[in-house]
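Where do charged side chains pair in a protein chain, and what surrounds them? The text below goes through such pairs one by one.

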Amino acid sequence: MRTRTSLLAIALPLLLGACELLHKPESTRFTPVAGGFEFRAIADAAYPESSANGEAWRMRWLEQRLKQTGTCPQGYVITSRETERLATGSLGSIYDVTYAGRCSE
């Protein structure tokens, strides 16, 4: 029994940590372009592609990147949003969600 408990004590943080990596802003890509930006983020079971909650998280991550880079200090407008399914598993699909935006003047 002790071995099983020890195994769970090691495995659980590793599993949770692996899942967390997909959900952090570090798993996003932000690219400033002339007059705006391109932003890519993951959508998965925790942050579904078509849910208001998932979209709210992606917008938080975008705003973090905008602030970190000093891009669009006067605000921005999303000009396009595209999704690409990367994989489908037992918990649902994983998508790349790519946003293009332009800075407000």
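What follows is a short walk through the salt bridges.

This is a predicted model, in which local features need pLDDT of at least 70, side-chain atom pairs count only at pLDDT 80 or more, and totals for chains, interfaces and linings use all residues. Residues are numbered from 1 along each chain as its sequence is written, and side-chain values use heavy atoms, with hydrogens and water left out.

Side chains of opposite charge can pair when their charged atoms come close. A salt bridge here is a side-chain nitrogen of Lys or Arg within 4 Å of a carboxyl oxygen of Asp or Glu. The structure has five of these salt bridges.

One of them joins Glu38 to Arg29, with 3.3 Å from N to O. Glu38 is partly exposed at 32% relative accessibility, and Arg29 is partly exposed at 38%. The scale calls a residue buried under 20% relative accessible area, exposed over 50% and partly exposed in between (1.4 Å probe, protein chains only).

Glu55 takes part in a salt bridge with Arg58, at 3.1 Å from N to O. Because Glu55 and Arg58 lie three residues apart in helix H2 (residues 52-69), about one helical turn separates them. Helices (H or I, at least four residues) and strands (E, at least two) are DSSP runs, numbered from the N terminus. Arg58 is buried, with a relative accessible area of 0%, while Glu55 is partly exposed at 21%.

Glu55 also forms a salt bridge with Arg81, where the closest N and O atoms are 3.1 Å apart. This pair links distant parts of the chain, since Glu55 is in helix H2 and Arg81 is in strand S3 (residues 76-89), 26 residues apart. Arg81 is partly exposed at 35% relative accessibility. Together with Glu49, the residues Glu55, Arg58 and Arg81 are linked in a network of salt bridges.
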